[in-house]
Amino acid sequence: MKNKNVAGFLALIFGFFGVHRFYLGQRAFGILYMIIAFFAILITAEEGVPFILAPAILALVDAVLFFAMPKEDFDRRYNKARNWYGRHYQNSDRFPAPSRRRRVHQSEFEIIKRRGIQNFRDYRFDEAAEDFEQALSLDPENAAIHYNLAATYSMLEDEQLGFQHLEDAVEYGFDQVEKIHNHDALAFLRSRPAFQSFVDNGYQMPLPGLEAPEEELELEPAPQQPDQSTPDSNSAQLLEQIVELGKLRDRGILTDAEFAQQKEKILLKQKG
């Protein structure tokens, strides 16, 4: 495996003669650098023209490029044909060659995830939910993405999707329980009546129909209403009628004789 810093130092110190190119396995370029350096020294010595600066500047540019180049780009360029997996273990089951598709897949996943996090921080929760859902399609069992979706849907006040992704996050390995109980983004879910059941059920939503049965209430039999035809009821009605006759007599509507006559009729009717 070639190292980009080693290549940079060789280019800076011995790059005039193309030593760094030999280090990288580019023998043709290394020989070309040596030829250019030889002619540069020859022309400078005979003509007095500082042509010797040309290969020196070329080596300096190479050194700067190597130091500034990302490691992934350097490995892709200079370690592709001679790395541990590429040439010697290309057909080995024990040391499988890395898949380019997988590297692209992981790179795309990281880009989408970072975009979703940035949208969440900018309070663009709808866009963040779309980004996290897209990232989840690339890695469906990623616990962190499920947690981020739970927080996002909580901010959008979507109770069902919020609890669903929070449950999935725990199932796929999210173990930071204190965040579930303290993170500000999950405040909406914690405020819902279902949250306590969710926690009591091991951070899973109870299945419909499996809730604890309610205790049956033992109802006492309703007291029987007194029969309207009982003697006590009839006596009360008789008393009320006599009282009403007395009120009519007191107001002068009935005379004493009429009062006695009506009272006698009521008593006779009661006896009958």
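## Close-up views of a predicted model

**View 1. Tyr203, a residue with positive phi in a loop.** Tyr203 lies in the loop that runs between α12 and α13 (231–250). Although Tyr203 is not a glycine, its phi is positive, at about 60°. Its relative accessibility is 16%, so Tyr203 counts as buried, the limit for that class being under 20%.

**View 2. Glu157, another non-glycine residue with positive phi.** Here we look at the loop between α8 and α9, where Glu157 sits. Glu157 has a phi of about 60°, a positive value in a residue that is not a glycine. Is Glu157 buried or exposed? Glu157 counts as exposed because its relative accessibility is 57%, and the exposed class begins over 50%.

**View 3. The largest nonpolar core.** This core brings together 18 residues, and Leu166 and Leu186 are the ones with the most contacts inside it. Two or more of its residues come from each of α8 (143–155), α9 (159–171), α11 (187–191) and α12 (194–200). Apart from this core lies another one, made of 10 residues that include Phe109, Ile145, Leu149 and Tyr153.

**View 4. The surroundings of Leu186.** Which residues does Leu186 touch once its neighbours within four places in sequence are set aside? Leu186 is then in contact with Tyr147, Ala150, Ala151 and Ser154, with Leu166, and with Lys179 and Ile180.

**View 5. The second largest pocket.** If you like to look into pockets, this one has a volume of about 200 Å³. Its lining includes Ile117, Phe120 and Arg121, along with Phe132 and Ala144. Tyr147, Asn148, Ala151 and Thr152 are also part of the lining, as are Phe174, Lys179 and His183. The elements that supply two or more lining residues are α6 (100–121) and α8, and α8 provides the largest share, with 5 residues. By class, the lining holds 7 nonpolar, 3 polar and 2 charged residues.

**View 6. Helices α3 and α4 crossing.** The axes of α3 (residues 27–47) and α4 (residues 53–68) come within 10 Å and cross at roughly 145°. On the α3 side, the contact is made by Tyr33, Ile36, Ala37 and Ala40, which meet Pro55, Leu58 and Asp62 of α4. Sorted by class, this contact has 6 nonpolar residues, no polar ones and 1 charged residue.

Conventions:
Residues numbered from 1 in each chain as written. Predicted model: local features only at pLDDT ≥ 70, side-chain atom pairs only at ≥ 80, totals over all residues. Heavy atoms only, no water. Core = buried A, V, L, I, M, F, W, Y, C linked by side-chain atoms within 4.5 Å. Buried < 20%, exposed > 50% of the residue type's maximum accessible area, 1.4 Å probe, protein only. Helix = DSSP H or I, 4+ residues; strand = E, 2+ residues; numbered from the N terminus. Contact = heavy atoms within 4.5 Å. 1 Å grid on protein atoms, 1.4 Å probe; cavity = no way out; pocket = protein on both sides within 12 Å on 5 of 7 lines; lining within 4 Å. Points joined across faces, edges and corners; volume = space filled by probe spheres on them. Nonpolar A, V, L, I, M, F, W, Y, C, P; charged D, E, K, R; others polar. Axes fitted to C-alpha atoms, helices over the stretch in contact; angles between N-to-C directions.
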